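These are my notebook entries on the structure shown below.

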Amino acid sequence: MTGPETEAAWAHAARAGSADDFSRLVRLHQQALRAFLRRLTDNHVEADDLAQETFVFAWEQRQRFDAARDFRPWLFGIAWRKYRERQRGWRRLLAREMAHAEMAESVEHPDPGLRLDLAAACATLPAQQRAALLLCLGCDFTQMEAAQALALPLGTVKSHVARGRETLANFLGETP
Amino acid sequence: MSERNEQMAAMLAANAPGRDLAFEIAVMAKIEQRRFLRELTRNLLLAAGAALLLAFIMPQFDFSFWANALSGLAGNAVVMVTLLLAAFAAWYFRPVEG
C-alpha cells in the first residue's frame, strides 16, 4: 500500500495532524531522502541528522503543505534548503573549501582507482547541479518534480541534469 | 532513458541506506519531544499568567464574610470528605467478579 493515492491520503491526514500517518510517510520516504542527502553531503552521520531535521521540520510546517501537490517534492525541497542552510556555516565552509581543493587536485590527475568512485565524481559537481542530478537519476524524480523541490525553473534543472550527466560520464571515462 | 542513464542511475542508487526502524523511531521521538516541550512551555506560561493575574486582583476582594460563614461548616466538611473517600475506596478495591 504505497501507491500515490495512498501517499496523498497519508499526507492529507498528516497535514490535519495525524502523527500515525506522518510516521507512514517517514517510513515511505526515509530511504530515498537519506540516500539523497548522503550523496549530497558525502557524510552519513550528517546526512541522517539532516534527514531527521527535515522530517521534524516537515511535521512542524505541515500546514504549509499544499495538499493539491505531491508530498515528495515538498519534502525533498525542505531537505535541500536544510542542506543549504547548514552549508552556510563558516566551519563547514572552510572544510568544504579544503575538500574541494583536494578534489580538484585529484580531478587534474585522475587516479584509475577513483574512476568508479561515484561519490568523488559527484563531489566535483556544483551543489545545485549535484542535487538536480541526484533527484532525477538517483531518486527517480521527474524534472518537473526536481524543479519544484529545488525551487528552480524547469529549464535550469534540465540544463543542470544534462551538464551533470556529461561531467559524470567524462569523469567515469565514458564517451558522452 | 538511455543505457548510460540507467547505468548511472544504478550507480547512484547503489549503496543506498536500507530501511531503518531506529531512524523512524528517532524522528517520531523528536517530534513527540518537541510537542511535549511546546505544550509544557505553553502551560507554564498560562499558569504564570494566571498566578500574576490572581496576585493582582485578589487583594481587591474581601473574603472575611465567607471565611466566617464557612468556618462553622469545617467539621462537617471533614466528615463528608472522609465518607466520600471511604465510599470511593470500597468501590475501587471491590472484589473482582468471576
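Predicted model: local features only at pLDDT ≥ 70, side-chain atom pairs only at ≥ 80, totals over all residues.

**Entry 1: a pair within one helix.** I looked up Asp21(A) and Arg24(A) and found both in helix α2 (residues 19-41) of chain A, three residues apart, about one turn of the helix. I take helices (H or I, at least four residues) and strands (E, at least two) as DSSP runs, numbered from the N terminus. Residues are numbered from 1 along each chain as its sequence is written, chains are lettered from A and ligands numbered from 1 in the order in which they are written, and side-chain values use heavy atoms, without hydrogens and water.

The side chains of Asp21(A) and Arg24(A) form a salt bridge with an N to O distance of 2.9 Å. By salt bridge I mean a side-chain nitrogen of Lys or Arg within 4 Å of a carboxyl oxygen of Asp or Glu. Asp21(A) is buried at 12% relative accessibility, whereas Arg24(A) is partly exposed at 34%. Buried means under 20% relative accessible area, exposed over 50%, and partly exposed in between (1.4 Å probe, protein chains only).

**Entry 2: pairs between helices.** Which residue forms a salt bridge with Arg38(A)? I found Asp48(A), with the closest N and O atoms 3.2 Å apart. Arg38(A) belongs to helix α2 of chain A and Asp48(A) to helix α3 (residues 44-60) of chain A, so this pair ties together parts that are 10 residues apart in sequence. Arg38(A) is buried at 16% relative accessibility, and Asp48(A) is buried at 17%.

I next looked up Arg72(A), which forms a salt bridge with Glu145(A), the closest N and O atoms being 3.0 Å apart. Arg72(A) lies in helix α4 (residues 71-87) of chain A and Glu145(A) in helix α8 (residues 143-150) of chain A, so the pair ties together parts 73 residues apart in sequence. Glu145(A) counts as buried at 15% relative accessibility. I also noted one network, in which salt bridges that share partners join Arg34(A), Arg38(A), Asp48(A) and Asp20(B). Over all chains, the structure holds 11 salt bridges.

**Entry 3: charges over rings.** The charged end of Arg72(A) also sits over the ring of Phe141(A), 4.0 Å from its centre. For this I require NZ of Lys or CZ of Arg within 6 Å of the ring centre and within 35 degrees of the ring normal. Arg62(A) lies over the face of Trp59(A), 3.9 Å from the ring centre.

**Entry 4: aromatic pairs.** My search of the whole structure gave 14 aromatic pairs over all chains. The ring centres of Phe88(B) and Trp91(B) are 5.8 Å apart and the planes are at 40°, so I recorded the pair as tilted. Rings of Phe, Tyr and Trp (its six-membered ring) pair if their centres lie within 6.5 Å; planes under 30 degrees apart count as stacked, over 60 as edge-to-face and the rest as tilted. Phe88(B) and Trp91(B) are three residues apart in helix α4 (residues 74-92) of chain B, about one helical turn. Phe88(B) is partly exposed, at 48% relative accessible area. Ring pairs link Phe88(B), Trp91(B), Tyr92(B) and Phe93(B) into a cluster.

**Entry 5: chain A as a whole.** I found nine helices and zero strands in chain A. Of its 176 residues, 46% are buried.
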